[in-house]
Amino acid sequence: MEVGEDVASRSSHRAPSCRANRAASGGIVLGVTLVLAGLVVGAMLRREPEPRDRVVGGNVPVDPGAEVTTDVSAYNSPSLQANPRDTSDLVVAERVDTPFTTCALQVSIDAGATWTTVRIPFPEGKDVPCFSPDVAFGADGTAYLAFSTFAVVAGQGTVPDGLWLSTSTNGGRNFSPPHQVEGPIALQVGLVADPAIPKRLYLTWLQATHPSTWGLDSTGDPLVVARSDDGGTTWSRPVQASGAGRARVVAPSLAVSADGTLVMAYLDVGDDLLDYAGDDNGMGGDPYPKHWALVAARSVDGGSTWSESVVDSAIVPTQRFLMLVPPTPSVAVDRGRDRAYIAFHDGRLGDADVWLWTSADGGQRWGPAKRVNDTPVHDGTAQY
């Protein structure tokens, strides 16, 4: 029983009232007994449910320059995973934008109390040796690191030229030399591991066809998913997970439940050429004035086939973005129930707020959006 359900069920029972009949034999004793019973029940009703989690310490810096004021390294977009075999083992992979475009990896063996930087074995000869990494732990405790590499192409700018995977069998303390999983123009890479089947992995990405300096000149480029059942050594043929009739889709985010159901959240940006095609030439400005759609794709056969549901067709954009780093929804599945959750931000109330959508049937249908942040409406601040 959930805490919320427990409180609701208990609050529907009223404490018994006491009307002592002094004329009746034993009425005083009965009245006192009922009063005491009422006090006990009242105390039970007033008792707050004990929190399931508690904060055990203060903030701890993860990257080495977090507390160095002269360090200009821009660590961002962290992906955090815990080892299911030993939850004291944590791995964080993050993008680094300055002073050089690269990736970084931090490992903790004491549940986040201290962190150590781990060297990533980058592929050789790449203009950008690592970009936008993602990390996952398999059911057997193997850690996996996925990332893209980029090459500078005349007339197209910096273009992704490979998708790579590296593994660790000691909780992320060391990673193997990476091997290439996919060829060029694989954008917005995501990695998840099946929580029940060791060595089963899923990779998702946007498979582009005609990149330009600031975006994509093509339409219909799909979001695809590939599966590995041998720890990333071999992969299935990529399968399109996004709807075939959607012209401009971005930002895939993938989750897998304990029974193997896959749920992907992504954005359909419609006619937004400002961002998708880079029509603003990277100059920024006001956000796209129309709506995006937040969409979910679902697979119950290991990624072989996919169905689609619209989570929200009226997402109000709050920012411009580059195709290499779009704003990305987050998705999660409840391992004990048939529930799925998607979170994203939009400006439907005038400012950027974070919203949560819930599905009670594993991602087939979605309830209305619920505002998460508790800031006043129209206060001029942004949450994302």
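**Notebook: a predicted model, looked up feature by feature**

I began with the secondary structure and found 3 helices and 20 strands in the protein; helices (H or I, at least four residues) and strands (E, at least two) are DSSP runs, numbered from the N terminus. I note that this is a predicted model, in which local features need pLDDT of at least 70, side-chain atom pairs count only at pLDDT 80 or more, and totals for chains, interfaces and linings use all residues. Residues are numbered from 1 along each chain as its sequence is written, and side-chain values use heavy atoms, with hydrogens and water left out.

**Entry 1. Confidence**

I looked up pLDDT, the predictor's confidence in each residue, from 0 to 100. The average for the protein is 86, and 85% of the residues score at least 70.

**Entry 2. Burial, surface and contacts**

I next looked up burial, where buried means under 20% relative accessible area, exposed over 50%, and partly exposed in between (1.4 Å probe, protein chains only). The protein has 384 residues, of which 45% count as buried.

**Entry 3. The disulfide**

I searched for disulfides, defined as pairs of cysteine sulfur atoms within 2.5 Å, and the structure holds 1. C103 is joined to C130, with an S to S distance of 2.0 Å. C103 belongs to strand β3 (residues 102–108) and C130 to strand β5 (residues 128–137), so the bond ties together parts that are 27 residues apart in sequence. The torsion about the S-S bond of C103 and C130 is about -95 degrees, so I record the disulfide as left-handed. Both C103 and C130 are buried.

**Entry 4. The cavity**

How many cavities of 30 Å³ or more does a search of the whole structure find? I recorded 1. A cavity is a set of points, on a 1 Å grid over the protein atoms alone, where a 1.4 Å probe fits but cannot get out; lining residues have an atom within 4 Å of a point. Grid points are joined across faces, edges and corners, and a volume is the space filled by probe spheres set on the points. The largest cavity has a volume of about 50 Å³. Its lining consists of F131, S132, S148, F150, A186, L187, Q188, V189 and L324. Strands β5, β6 (143–153) and β9 (186–193) each supply at least two residues of this lining, and β9 gives the most, with 4 residues.

**Entry 5. Backbone details**

I found a cis peptide bond from T98 to P99, with omega near 0 degrees. P99 is placed in the loop between β2 (86–96) and β3.

I185 is not a glycine, yet its phi is positive, near 60 degrees. This residue lies in the loop between β8 (179–182) and β9, and I185 is buried, with a relative accessible area of 15%.

A251, also not a glycine, has a positive phi of about 60 degrees. I placed A251 in strand β13 (residues 249–256); A251 is buried, with a relative accessible area of 1%.

Definitions and conventions: 1 Å grid on protein atoms, 1.4 Å probe; cavity = no way out; pocket = protein on both sides within 12 Å on 5 of 7 lines; lining within 4 Å.
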